[in-house]
Amino acid sequence: MKLILASTSPRRREIFALLGLPFEVIAPEFVETISNHRPIEDEVLDFALKKADSVARHHPDSIVIGSDTLILVDGTKVGKPNGTAEAKKILRTLSGKTHRIFTSVGIIDTSGEPSLSIVEQVSVRMRHYSEREIERYLSRNESLDKAGAYSLQGEGRALIDSIDGDYLAAVGLPLKPIAGYLTSRGIAVPLSIEKLYSDRAFLNWQSFDI
């Protein structure tokens, strides 16, 4: 069985590579459209599964992993900004507040074996930052391909006061449930997930190298 990551995200590719398993990366044929009426847990999971399905239907004998991330602040869903002006608006909204990150994993096993559908939640508190800090951060060009318009593992970490939850889920791909699923399918994962999480914390995830 081939392992395929259905993603265009360099961050998800780097995180998945930590498992030490051979895999392919294929861009999903799916465009997310955020709705106003569906619960965020349902929507983010639907996005992950549709990404995985768009790849799985063309690649038999594969285990396909899809993932998606949305943010909830003041009861409003937030995805990737459509340009710098929207990124600035999002960062203004997040300043001094706690928001929740919802990251989903949808795994499809094309052999017909049981699949996996989960949503992880992480709470992030942002510090109060100034308009000047927002402008300076936007000039770093980290915002436009990130849900919430900031990068946890980049210079956006300077905007964060605290994180409660799985850091890798907040970045975009929780490894624990993925490794558990693959192990249940008889795939030996070389990496010790427990050791990885015990050795690393938010402030020393400067990169995904181990």
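Visitor: Which residue in the turn between strand 5 and strand 6 has a positive phi?

Guide: This is a predicted model, in which local features need pLDDT of at least 70 and side-chain atom pairs count only at pLDDT 80 or more, while totals for chains, interfaces and linings use all residues. Residues are numbered from 1 along each chain as its sequence is written, and side-chain values use heavy atoms, leaving out hydrogens and water. Strands (DSSP runs of E, at least two residues) and helices (runs of H or I, at least four) are numbered from the N terminus. Strand 5 and strand 6 form a hairpin with six residues between them, and the turn residue with a positive phi, about 95°, is Gly112.

Visitor: Over how many bridges do strand 3 and strand 5 pair?

Guide: Two strands pair if DSSP finds at least two bridges between them. Leu72, for example, has Arg100 in strand 5 as its bridge partner. Strand 3 and strand 5 run in the antiparallel sense, and their bridges number 10.

Visitor: How many of the 12 residues of strand 5 are buried?

Guide: A residue is buried under 20% relative accessible area, exposed over 50% and partly exposed in between, using a 1.4 Å probe and protein chains only. Strand 5, residues 98-109, is mostly covered, and its buried residues number 10.

Visitor: Is Phe16 buried or exposed?

Guide: Phe16 is found in helix 1. Leaving aside neighbours within four places in sequence, Phe16 is in contact (heavy atoms within 4.5 Å) with Leu3, Leu5, Phe23, Ile65, Leu173, Leu175 and Ile178. Because its relative accessible area is 1%, Phe16 is buried.

Visitor: How many residues has the largest nonpolar core?

Guide: In soluble globular proteins, nonpolar side chains tend to be buried together. A nonpolar core is a set of buried Ala, Val, Leu, Ile, Met, Phe, Trp, Tyr and Cys residues joined through side-chain atoms within 4.5 Å. Those with the most contacts inside the largest core are Leu19, Leu91, Tyr150, Leu175, Ile178 and Leu182, and the number of its residues is 51.

Visitor: Which strand gives the largest share of the lining of the largest pocket?

Guide: On a 1 Å grid over the protein atoms alone, a pocket is an open set of points where a 1.4 Å probe fits, with protein on both sides within 12 Å along at least five of seven lines, and lining residues have an atom within 4 Å of a point. Of the 45 lining residues, the closest to the centre of the largest pocket are Thr69, Val78, Gly79, Lys80 and Ala147. The largest share, seven residues, comes from strand 3.
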